Amino acid sequence: MKCPFCNHEDTPVLDTRVAEDGSSIRRRRRCDACDKRFTTYERIELTLPVIVKKNGSRTEFDAGKLRGSLMLALRKRPVSAEALDAALQSIQEKLLQSGAREVMSGQIGELVMRELKRLDKIAYIRFASVYKSFEDVTEFQDAIAEVGSERKARKREE
């Protein structure tokens, strides 16, 4: 680490501690050349992938937009704020774990549908109808039948 005062490159660490909020490491350093002391912080850098839209344009991942989509699908449904936050966290973790620098918007849509199916079947149908661009009633019926058959299969397993 370079000294911020004289740009000397040898600045040994004198003391290392976890910062007060626990999200970083605080290091006290001393420059061997000018003998001045300074503090550095080490933080985790999490970079979510860039989203590639259907038209090929790219945009930064926006957690607020994702939250808005989930909230719209879950509107007037009995799902707690904690469950919504957990779903958002799960989606973001899957994106981080993928290690990809770019992700197609369709992959995010699939992750959202998976979470909504787990949280609330009605919200899942709402989101799927827009995401999959349902054009007639039979597509709604197919989606409802899919959710219903999964529910019946789970009851048989219990």
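**Entry 1: the β4 and β6 pairing**

I looked up V52 and found that its bridge partner in β6 is M104. The model I am reading is a predicted one. V52 was a way into the pairing of strand β4, residues 50-52, with β6. I count three bridges joining β4 to β6, and the two run parallel.

Next I asked what order the strands of this sheet have. I read the order as β5-β4-β6, an open sheet of three strands with mixed pairing. Which strands stand at the edges? I find β5 (58-59) and β6 (102-104) there, each with a single partner strand, so one side of each has no neighbour in the sheet.

I then checked what lies across this sheet. Helix α3, residues 105-119, lies across β4 and β6. I note that α3 runs at about 70° to β6.

**Entry 2: the β1-β2-β3 sheet**

I moved to the other sheet. Three strands make it up, in the order β1-β2-β3, and I note that it is open with antiparallel pairing. The edge strands are β1 and β3, each of which pairs on one side only. I record an average twist of 20° from one strand to the next.

I took the strand pairs in turn. Strand β1 (residues 13-18) pairs with strand β2 (residues 24-30) over five bridges, in the antiparallel sense. As an example I looked up R17, whose bridge partner in β2 is R26. How many residues lie between β1 and β2 in their hairpin? I find five, and G22 in the turn has a positive phi of about 80°.

For the second pair I followed β2 into strand β3, residues 37-43. Seven bridges join β2 and β3, which run antiparallel. Here I picked I25, and its bridge partner in β3 is E42. β2 and β3 also form a hairpin, with six residues between them. In that turn I noted D35, which has a positive phi of about 65°.

**Entry 3: α1 against α2**

I turned to the helix pair. Two packed helices are described by the angle between their axes and the distance between the axes. For helix α1 (residues 63-73) and helix α2 (residues 81-98), I read that the axes come within 11 Å and cross at roughly 130°. That angle makes α1 oblique to α2. I also looked up the hand of the crossing of α1 and α2, and it is right-handed.

Which residues make the contact? On α1 I list A63, L66, R67, L70 and M71. On α2 I list L84, D85, L88, I91 and Q92. Sorting the contact of α1 with α2 by class, I get seven nonpolar, one polar and two charged residues.

**Entry 4: the whole chain**

Last, I stepped back to the chain. I count five helices and six strands. From the N terminus on, I read the elements as β-β-β-β-β-α-α-β-α-α-α.

Definitions and conventions:
Residues are numbered from 1 along each chain as its sequence is written. This is a predicted model: local features need pLDDT of at least 70, side-chain atom pairs count only at pLDDT 80 or more; totals for chains, interfaces and linings use all residues. Side-chain values use heavy atoms; hydrogens and water are left out. Axes are lines fitted to C-alpha atoms, for helices over the stretch in contact, and angles run from 0 to 180 degrees between N-to-C directions. Helices (H or I, at least four residues) and strands (E, at least two) are DSSP runs, numbered from the N terminus. Angles under 35 degrees count as roughly parallel, over 145 as roughly antiparallel, 65 to 115 as roughly perpendicular and the rest as oblique. A crossing is left-handed if the near helix is turned anticlockwise from the far one by less than a right angle, and right-handed if clockwise. Contact means heavy atoms within 4.5 Å. Ala, Val, Leu, Ile, Met, Phe, Trp, Tyr, Cys and Pro count as nonpolar, Asp, Glu, Lys and Arg as charged, and the others, Gly among them, as polar. Two strands pair if DSSP finds at least two bridges between them.
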